[in-house]
Amino acid sequence: MAIQVEHQVQGMRTLTARRVIGVCAMLLAVLFVVVVISLRMGAFPLSVRDIVATLFNGALGRRERIPSEFSLVVFGLRLPRIALGILVGAALSTAGAGFQALLRNPLADPYVLGVSSGAALGAILSLIFVPHLPGAIQIAAFVGAAATIAAVYFLGRRGGQLDSATLLLAGIVAASFLSAGIMFLMTTLPGRDLRGMAFWLMGDLSSPPPTQNVRGWFVLLFVVFAIAAGAIYLTASDLNLILTGEKEAQHLGVNIHRVKLVVYLSASILTGLAVSVSGAIGYVGLLIPHVMRMLFGNDYRLLIPTSALGGAIAIVAADTLARSVVAPTELPVGAMTALAGAPVFIYLLRRRVR
Amino acid sequence: MSAAANSGTSLASARPVVNPASPRLKVEQVTYAYAAADRSAPNFALGATSFEARRQQIVAVLGPNASGKSTLLRLLAGMVAPLSGRIEIDGVSLADLDLRTRAQRIALVQQESELLFPLRVWEFVLQGRYPYGRRLRFESDKDSLLAGNALSQVGADALAGRWMNELSGGEKQRVILARALAQQPSLLLLDEPTQHLDVGGKVELLRRLRRLADEHRYTVIVVTHELNLAAEFSDRIVLLHKGKCLRVGSPTEVYDRELLQQIFDAPLDVDIRPNGRPRVTLRASE
């Protein structure tokens, strides 16, 4: 059909790859600053200059130039915890953005929907039954997450339609039921290496990596994250349409069932991954995508990478606060995110109801 | 009752003659029945339905409630597959088209779902370009231009920067139509597009569809309850009743007083206006 070019509509600014890269570079810079601040915090004093020099030399592989006590504090103690925070924040936030599109509900979040509790219960069961099997805890956490979201999805339907309020109630009920199951297991099965109750119910980044090969461990975690988050990202333009309406998306050529399956599995993997290493940290998946929507708009091609980076920034910052406000003891990071997240959840809920 | 195969130009006002040998849409003995799983409604069937539509034609699908109009539209949109029979678009069976190719050929305008997150009008219209993109592809200048053209084709340029949820019913309808046009379809399907419009809005929409069909060679299929607007603006009428295709033809061929009275269950008169098109008047009493 020959269409005459009439004129460009004013104010139409389409999203470009350049803008996505630019915004992500900016957020990466913010993340770097937060990481440096976080590295400074702690009993052993380090100057910003020391930290930057240590990181720089470490990145270039010039280990011999780093004083050994700096190396121990930065690479041995503080950086692994920060890397864990980056991973967990990015995973939960990406999962949250994914669940929001999948369930067509702006209040969806792995914690609110009970998915994190399901993952935690799965992880605990694997620690009880197959404590020495490598990777079992991650797989069990994924299965727990996937089973919970499936259950919440079916409980949240009314008359064949997904109902927003029913869905949230189903999630809250699932979360409290699964938390009770966790508490039951933790109190009746003492003396095992199951980590603390606070870890599973609130989330905590203080657990050391389970292996000697810290680097290999992190590489593995980040590869799994990249695959799952990448799979969600590849559906970004489909998710944009699904958020406008499922039947409309289908008419525009979106393969709804395939997209939903990809997002369902990937978001469950991300939740399982995060929970297996840090317990159930709440509200990140809700809060961060919303902040990013306010800052950069609702286009998932921009929302997913900015949410991942924003989640990383938020968790590293929250954990830095959690271990410095009440030093020398520390709060679980989940307490910090809940303090910030719960009021925002109420605000969003009220704004939506009105 | 088979589709009248003669060209539908008999009474329509002077319009460029198109090649009668190549119907754009061909519906051949299509039937459909709802799956038994849907317990709330009894198994409802659309009996053998056949008709054709050419370029630049507007076909109105008429019938009382539960006559099968929406089912027919769902079949044409490819949302459901016919139980038997065949639907062809430009000679290709609808069943052979993948989702994206289908979306490049057929656009459906229907009542929209509620938007979860606010969206600008131009962003909404750009969604019509989705079938032409791959994966993450960011919209090209061509996409923007086509979206802009679609907006001006429906006279909605001025709305481009507005938020979707701030539009009036008529404005929203135009923007939804613009998104469908951005798909560059050959077949434009509309499901009761006049439902929430006032009289002026209804006439304006039908005029617009007439112009789009005439100037841009779209084939338009419109499901409607508006007997008089259908008579005035369409080239062919498909009349359905209780899942049966009763008649296919030009408005004058289909608008038979006895028949309409019977299927709409209301006393009415049919007369022919000076322009040759029928007009239906409701009678308050016998």
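Predicted model: local features only at pLDDT ≥ 70, side-chain atom pairs only at ≥ 80, totals over all residues.
Now look at strand 9 of chain B, residues 236-241. With strand 3 (residues 58-62) of chain B, strand 9 pairs in the parallel sense, over four bridges. If you want a pair to click on, B:Val61 has B:Val238 of strand 9 as its bridge partner. With strand 10 of chain B, strand 9 runs antiparallel, and five bridges join the two. Here the pair to pick is B:Ile237 and its bridge partner in strand 10, B:Gly249. As a reminder, strands of a sheet pair through backbone hydrogen bonds, either parallel or antiparallel.

Strands 9 and 10 of chain B also make a hairpin, with two residues between the strands. In that hairpin B:Lys242 takes a positive phi, near 45 degrees.

What lies across this sheet?

Chain B has another open sheet, with four strands in the order 2-1-4-5. In this one the pairing is antiparallel. Its edge strands are strand 2 (45-53) and strand 5 (92-93) of chain B, each pairing on one side only.

Let's walk across it. Strand 1 (residues 25-33) of chain B is joined to strand 2 of chain B by six bridges, and B:Ala33 has B:Ala45 of strand 2 as its bridge partner. Strand 1 also pairs with strand 4 of chain B, over five bridges in the antiparallel sense. On that side, B:Glu28 stands opposite B:Arg86 in strand 4. Then two bridges join strand 4 (residues 84-89) to strand 5 of chain B, where B:Ile89 stands opposite B:Val92.

Over to chain A and its helices. Two packed helices are described by the angle between their axes and the distance between the axes.

Take helix 1 (residues 17-40) and helix 3 (residues 68-102) of chain A: they pack at an angle of about 130 degrees, with their axes 10 Å apart. Angles over 145 degrees would count as roughly antiparallel and 65 to 115 as roughly perpendicular, so these two helices of chain A are oblique to each other. Their crossing is right-handed. From helix 1 of chain A, the contact uses A:Val35, A:Ser38 and A:Leu39, and from helix 3 it uses A:Val74, A:Arg78 and A:Ile82. By class, that gives four nonpolar, one polar and one charged.

The next pair is helix 5 (residues 136-155) and helix 6 (residues 164-188) of chain A, whose axes come within 8 Å and cross at roughly 140 degrees. Helix 5 and helix 6 of chain A are therefore oblique to each other as well, and their crossing is right-handed. Helix 5 brings A:Thr148, A:Ala151, A:Val152 and A:Leu155 to the contact, while helix 6 brings A:Leu167, A:Ala170, A:Gly171, A:Ala174 and A:Leu178. What about their classes? Seven are nonpolar, two are polar and none is charged.

A quick word on helix 2 of chain A, residues 48-59.

Last stop: how many residues does each chain put into the contact between A and B? Chain A gives 32 and chain B gives 35. On the chain A side, helix 9 (236-244) and helix 10 (246-251) each supply at least two residues. Helix 9 of chain A gives the most, with five residues. By class, the chain A side has 13 nonpolar, 13 polar and six charged residues.

Key:
Residues numbered from 1 in each chain as written. Chains lettered and ligands numbered in written order. Expected span 1.5 Å × (residues − 1). Axes fitted to C-alpha atoms, helices over the stretch in contact; angles between N-to-C directions. Parallel < 35°, antiparallel > 145°, perpendicular 65-115°, else oblique. Left-handed = near helix turned anticlockwise from the far one by under 90°. Contact = placed C-beta atoms within 7 Å. Nonpolar A, V, L, I, M, F, W, Y, C, P; charged D, E, K, R; others polar. Pairing = 2+ DSSP bridges.
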